[in-house]
Protein chains: 2
Amino acid sequence: MTDTDPAAWAALMRVHAALVPVLDQELQAAHNLPLTWYDVLLELYHAPGRRLTLGELGRVAVVSRSRVSRVVDELARAGLVTREANPQDRRSAYAALTEAGKRRFRTAAPTYLRGIEKHFTSRMTAREAATVASALGKVLAAREP
Amino acid sequence: MTDTDPAAWAALMRVHAALVPVLDQELQAAHNLPLTWYDVLLELYHAPGRRLTLGELGRVAVVSRSRVSRVVDELARAGLVTREANPQDRRSAYAALTEAGKRRFRTAAPTYLRGIEKHFTSRMTAREAATVASALGKVLAAREP
DNA sequence: CAAATGTAGGTGCGTGCGCACACACATTCC
DNA sequence: GGAATGTGTGTGCGCACGCACCTACATTTG
C-alpha cells in the first residue's frame with residue numbers, strides 16, 4: 001500500500017530553497033530587514049499586548065529558541081523592541097514591540113506580502129492555495145503534542 | 001485587490017522548519033547520511049549514466065552550487081562518488097556514483113521515504129498531496145527562465 | 001524549610017552554508 | 001590568430017544557526 005509519492009515534499013523543499021533567499025533579499029533591499037527580524041516582529045505584532053516571552057517566541061516563530069535571544073538583542077539595539085521584566089516570574093523576560101518596531105513592521109509588511117503574492121500565490125489558484133494551507137496546517141497540527 | 005492570504009506560504013515555512021531536522025536526524029541515525037548527502041546521491045542516482053557535472057548538480061539539487069563542490073569532496077572521500085574528467089570540456093568535472101554509492105542510496109531511500117510518509121504525506125489525503133505537488137510545481141516552473 | 005527537580009534565558013563553540021573572488025578553459029568577435 | 005567575453009569549478013572568508021551547557025529562579029517533594 002501507500003507507496004508514498006514524495007513529490008509534494010520534494011517540491012516543498014525546492015520552493016523553500018528557491019524563494020526564501022529572494023524574499024529575504026527583497027525585504028533587505030527595501031527595508032534593511034532580514035527575514036528573521038521580520039518573523040519575530042510579526043509574531044510580536046500579533047501577540048496580545050504586542051509582547052511575548054522569549055520562550056513563547058521560540059515556540060511560535062520559525063527561528064530556534066536559542067537564536068531568539070540574539071535576534072531580540074539585535075532588535076533591541078535597533079530600537080525595535082525592548083526587554084521587559086516579568087513580575088510573575090523573574091527568570092522570564094518579555095520582548096515587547098516599541099512604537100518604532102510597530103512602524104517598521106507596518107512599513108515592511110506590504111513588501112513581504114507583495115513578494116509572496118508575486119512569487120508564490122499568484123502561481124496557483126485560490127482553491128489550490130487554500131488546499132496547500134490546510135494540508136500543511138494538518139501536518140503542523142500533528143506535531144503539537 | 002487580491003489581498004493575498006499568506007497562510008499557505010507561512011505554513012510552508014513552518015513545515016519546512018519542523019520537518020527538515022527530523023528527517024535529517026532520522027537519516028543520520030539510521031544510515032549516517034546527512035540530508036545534503038542524500039540529496040546529491042538522489043540526483044546522481046536518477047541522472048543518465050549516474051553522473052552529472054557539478055554545475056548541473058548545483059542547478060538540480062537543493063544545495064547551492066558552491067556547496068556542491070565540498071559535498072562532492074566529502075562524498076568522494078567516503079567512496080560514494082568519484083570525480084571524472086569531461087573530455088568535451090576540460091573545465092568541467094563529473095561527479096559519478098560508485099557502486100558503493102548506489103548501494104548506500106538504495107539502502108537509505110526506504111528510511112527517507114518512510115519518514116516523509118510518516119511525518120508528512122500521511123497527514124493529508126492523496127488528493128491534497130497531489131494538489132500540493134502540482135501547485136508547488138507551478139511555482140517552481142515559473143522560476144526557470 | 002531544605003533538597004531535589006523542573007523551567008526560562010544566555011552564551012561559547014563548532015559547523016554548515018553562501019558570497020565574492022580567483023583561476024582555467026571555452027567561445028566569440030574582430 | 002589574438003583579444004575580449006563568457007562559463008565551469010574551487011576556495012578564503014564571514015555569518016547565521018543550533019547544540020550543549022550554565023546560571024538563576026520557580027516549583028515540588030519530603
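In what follows, Asp, Glu, Lys and Arg count as charged, Ala, Val, Leu, Ile, Met, Phe, Trp, Tyr, Cys and Pro as nonpolar, and the others, Gly among them, as polar. With residues sorted in this way, the surface near DNA strand C in this predicted model divides into 9 charged, 8 polar and 2 nonpolar residues.

**Annotated region of chain A**
- An unreviewed UniProt entry carries the annotation "domain: HTH marR-type", which covers residues 5–141 of chain A.

**Residues around DNA strand C**
- There are 19 residues around DNA strand C, and those that come nearest are A:Gly55, A:Ser69, A:Arg70 and A:Arg91, together with B:Ser64.
- Of the atoms of DNA strand C that come within 4 Å of the protein, sugar and phosphate account for 55%.

**Contacts with phosphate oxygens**
- On chain A, A:Ala93 places a backbone N or O atom 3.2 Å from a phosphate oxygen of DNA strand C.

**Elements that form the surface**
- Two or more residues of the surface near DNA strand C come from each of helix H3 (54–60) and helix H4 (65–77) of chain A and helix H4 (65–77) of chain B.
- The largest share of this surface, 4 residues, is given by H4(A).

Note on methods
Residues numbered from 1 in each chain as written. Chains lettered and ligands numbered in written order. Predicted model: local features only at pLDDT ≥ 70, side-chain atom pairs only at ≥ 80, totals over all residues. Heavy atoms only, no water. UniProt positions renumbered as here; feature names shortened; annotations may be inferred. Near = heavy atom within 4 Å. Polar contact = N/O pair within 3.5 Å; in protein donor to acceptor, adjacent residues only side chain to side chain.
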